[in-house]
Amino acid sequence: MIEENIDTKIVDVTTCENDREMLDRSLYGAAQCLRAGGLVAFPTETVYGLGADALNETAAKRIYAAKGRPSDNPLIVHIAEVQDLEVLGYPNEKAYALAQAFWPGPLTIILPKKDIVPHGTTGGLDTVAIRMPSHPAALSLIRQSGVYVAAPSANTSGRPSPTKAEHVIEDMNGKIEYIIDGGPVGIGIESTIIDVSGDVPTILRPGFITKKMLEQIIGEVIIDPALEKPMENCHPKAPGMKYTHYAPKGQLSLVEARHVEEDGSQQAVIRKICELADEKRAEGYTVGIMAPEETLPCYEGHADALVCVGARHERNTVAAGLYAALREFDAANADYIYAESFRGDGLSYAIMNRLLKAAGQRVIQVGDDPV
Ligand code: TXA
Ligand code: MG
């Protein structure tokens, strides 16, 4: 059932985030709508979410319809009180320790589910993904609705996740009851997902909360091996990680130096990107280039759409700008897009995970073959 032509109400809360009372008042109608089985898109600190009552299977089904998302892909359940972990799942000590350390915040914890969580919400799995977001609008909405809120990112399936209300309006206007506008989000990439239901806690999706940060709280943590070998036929434990997510419509390629430590390697990357872009433009294609502010001016004149993605020396700005940048290439109808890569640990690892997925793992290396 695809519903269109719903009269979507847009509620602007950008001016009342520090005023709890005003925020609650502004969100009252949307909260009642959630409670009644409606769909409400709302800001979180990571990306915008598309919420529905997680225990109402009919409401959860509407999320899949609005997103055009395969229904074997489970939803994250958002809560506003840490103790609700026990209502939805069977938390162990590690789950409590992580919730204590990082909630409210950009961490999703996977637990064995309790019976009250319908399989329609977990994509048929016996585990449930739970997160307590820190965004005041998200918390107000969950608390006032009195329901647990299942919420995937509020984009059409396959498109980059929304980091501004405008992105949600692009994808969801006419399909859902409410869009809450909280301005641009802070982090810009989705929460870290950790599965603590097995022997060794496993990161299923990297994010702002890094492996190191998790290990400081609960000791050994591993990364789902399927994330490291995306080209081989491994099955990622988070079903959503197998889809060509986050992708712009044009073909994105990442360009990087084989030996980053060598002087001039950045120059070689810039030369290569300009060369590739010039070639495609000569063939009549519309070409996009994505680069950090440090090297952006070097690409002037080589692209139809030249888009800045934050600053390389401040990786959090790259995370924050990534999805908006990818959407700009769609708006420009770019056929081919070239981007510098952002290898590294921590947040860079999460950024590269998204970029590599958006690029379908296409990486062009420049420099000599290693000896
Ligand atoms: O930051 C976020 O997590 C955002 C905001 C809105 O909270 N939400 C989000 O949801 O990114 P979504 O649906 O786009 O991504 C959820 C991911 C999918 O890859 C899904 O497969 C995985 O979580 N997931 C959910 N439940 C799972 C489970 N029980 N076991 C394994 N993976 C699960
Ligand atoms: Mg998503």
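Predicted model: local features only at pLDDT ≥ 70, side-chain atom pairs only at ≥ 80, totals over all residues.
A nitrogen atom of ligand 1 sits 3.0 Å from an N or O atom in the side chain of T127.

**The shell around ligand 1**

- Ligand 1 is surrounded by 27 residues, and the closest are T46, N73, H78, S191 and G240.
- By residue type, the shell holds 14 nonpolar, 8 polar and 5 charged residues.
- Strand β6 makes the biggest contribution to the shell, giving 4 residues.

- S191 counts as buried because its relative accessibility is 2%, and buried means under 20%.
- Leaving aside residues up to four places away in sequence, S191 touches T46, I76, P106, L107, T108, R131, R205 and R354.
- The side chains of S191 and T108 are joined by a polar contact of 2.8 Å.
- S191 and T210 are 19 residues apart along the chain, and their C-alpha atoms are separated by 10 Å.

- Helix α1 (residues 20–35) has a kink of about 50 degrees, and the kink is centred on Y28.
- Which residues of α1 are buried? They are L23, L27, A30, A31, C33 and L34.
- The cover over these buried residues includes the strands β2 (40–42), β3 (49–53), β7 (149–150) and β8 (178–181), together with the helix α6 (136–145).
- Just after α1 comes G37, a residue with a positive phi of about 95 degrees.

**Backbone geometry worth a look**

- As background for this group, most residues other than glycine have a negative phi, and most peptide bonds are trans.
- W103 and P104 are joined by a cis peptide bond with an omega of about -10 degrees.
- P104 is found in the loop between α4 (93–102) and β5 (107–112).
- N333 is not a glycine, yet its phi is positive, near 55 degrees.
- The loop that holds N333 runs between α11 (315–331) and β15 (336–340).
- Is N333 buried or exposed? N333 counts as exposed because its relative accessibility is 56%, and exposed means over 50%.
- Q361, which is not a glycine either, has a positive phi of about 70 degrees.
- Q361 lies in the loop between α12 (347–358) and β16 (363–366).
- With a relative accessibility of 24%, Q361 counts as partly exposed.

Definitions and conventions
Residues numbered from 1 in each chain as written. Chains lettered and ligands numbered in written order. Heavy atoms only, no water. Near = heavy atom within 4 Å. Polar contact = N/O pair within 3.5 Å; in protein donor to acceptor, adjacent residues only side chain to side chain. Helix = DSSP H or I, 4+ residues; strand = E, 2+ residues; numbered from the N terminus. Nonpolar A, V, L, I, M, F, W, Y, C, P; charged D, E, K, R; others polar. Bend = angle between axes of the 7 residues up to and from the residue. Buried < 20%, exposed > 50% of the residue type's maximum accessible area, 1.4 Å probe, protein only. Contact = heavy atoms within 4.5 Å.
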